[in-house]
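Please look through this note with the model open beside you. Each point takes up one topic.

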Amino acid sequence: QLPSRDTYWKKDGKYNSGYVSQIMTNRQFNRILEAFHFEKTHEVSDEERKIKNKQDPFWSVSKFFAILASNCQKYYQCGHFVDIDEMTVPFKGRMKAVCCNPHKPNKWHITFFCLNDADTGYLSNFIPYAGRDETRPEGVSATEFPVQILTNPVQYHNKSHIMFTDNWYTSIN
């Protein structure tokens with residue numbers, strides 16, 4: 001909601017409600033954010049880290065993503081209309097999965113493919129885009145892959161959902 005994350009700690013009164021800055025300092029928040037992961041990365045050697053990063057750039061948070069997606073599906077059932085689209089998260093760090101698209105609001109970003117309830121906009125399922133080297137089954141195109149993965153959970157089968165997509169996902173298959 002605010003222009004930048006640091007605005008929560010500004011003392012000018014225009015944006016600061018005081019709530020966030022009372023809980024923790026900006027420095028504490030950024031330190032936690034830097035260390036945010038769900039794997040014991042300090043126990044991984046540099047060689048193992050390189051191998052894991054090549055296989056899956058999100059390996060350190062993939063368990064968290066799985067838990068989050070599972071909870072999104074568990075606590076809300078999509079209505080009759082669903083849509084699949086991309087979501088971008090601003091990111092300027094070094095990572096294999098970072099995308100550059102000057103036509104997006106955030107030129108440098110990480111892309112997530114999302115399955116949403118079209119009426120409410122509720123995020124029901126998502127997967128991160130792992131970069132152009134992502135592994136997918138033989139014969140499955142880059143446009144088919146996210147649709148297959150996102151609609152794979154049983155709760156989406158045989159429900160007569162009507163799916164809306166943009167032109168990137170519209171192939172014969």
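1. **Ground rules.** This is a predicted model: local features need pLDDT of at least 70, side-chain atom pairs count only at pLDDT 80 or more, and totals for chains, interfaces and linings use all residues. Numbering starts from 1 along each chain as its sequence is written, and side-chain values use heavy atoms, with hydrogens and water left out.

2. **Overall layout.** The protein has 5 helices and 5 strands. Both are DSSP runs numbered from the N terminus: helices are H or I with at least four residues, strands are E with at least two. The order along the sequence is α-α-α-α-β-β-β-β-α-β. The C-alpha trace spans about 55 × 45 × 35 Å along its principal axes.

3. **Burial and surface.** Of the 173 residues in the protein, 27% are buried. Buried means under 20% relative accessible area, exposed over 50%, and partly exposed in between, with a 1.4 Å probe and protein chains only. The protein exposes about 12,400 Å², and carbon and sulfur atoms supply 53% of that area. Accessible areas come from the Shrake-Rupley method with a 1.4 Å probe; for residues, only the protein chains shown count as cover.

4. **Contacts along the chain.** Take the contacts between residues at least 6 apart in sequence: 55% of them join residues at least 24 apart. Contact means heavy atoms within 4.5 Å.

5. **Asn-125.** Find Asn-125 in strand β4 (residues 123–128). Is Asn-125 buried or exposed? Asn-125 counts as buried because its relative accessibility is 6%. Its side chain makes a polar contact of 3.0 Å with the side chain of Gln-73. A polar contact is a pair of N or O atoms within 3.5 Å; within protein, one must be able to donate a hydrogen and the other to accept it, and residues adjacent in sequence count only if both atoms are side-chain atoms. Not counting residues up to four places away in sequence, Asn-125 touches several residues, among them Ala-69, Gln-73, Phe-113 and Tyr-156.

6. **Thr-111.** Next, go to strand β3 (residues 108–117), where Thr-111 is found. Thr-111 has 9% relative accessibility, so this residue counts as buried. Leaving aside neighbours within four places in sequence, Thr-111 is in contact with residues including Glu-86, Cys-99, Ile-127 and Tyr-129.

7. **A tilted ring pair.** Rings of Phe, Tyr and Trp (its six-membered ring) pair if their centres lie within 6.5 Å; planes under 30 degrees apart count as stacked, over 60 as edge-to-face and the rest as tilted. By this rule the count comes to 11 aromatic pairs. Trp-9 and Phe-29 form a tilted one, at 5.5 Å centre to centre and 40° between the planes. Trp-9 lies in the segment before α1 (19–23) and Phe-29 in helix α2 (residues 26–34), so the pair ties together parts 20 residues apart in sequence. Trp-9 is buried at 14% relative accessible area, whereas Phe-29 is partly exposed at 27%.

8. **An edge-to-face pair.** Phe-65 and Phe-112 pair edge-to-face, at 5.5 Å centre to centre with 80° between the planes. Phe-65 is in helix α4 (residues 62–74) and Phe-112 in strand β3, 47 residues apart. Both Phe-65 and Phe-112 are buried. Ring pairs link Phe-58, Phe-64, Phe-65, Phe-112 and Phe-126 into a cluster.
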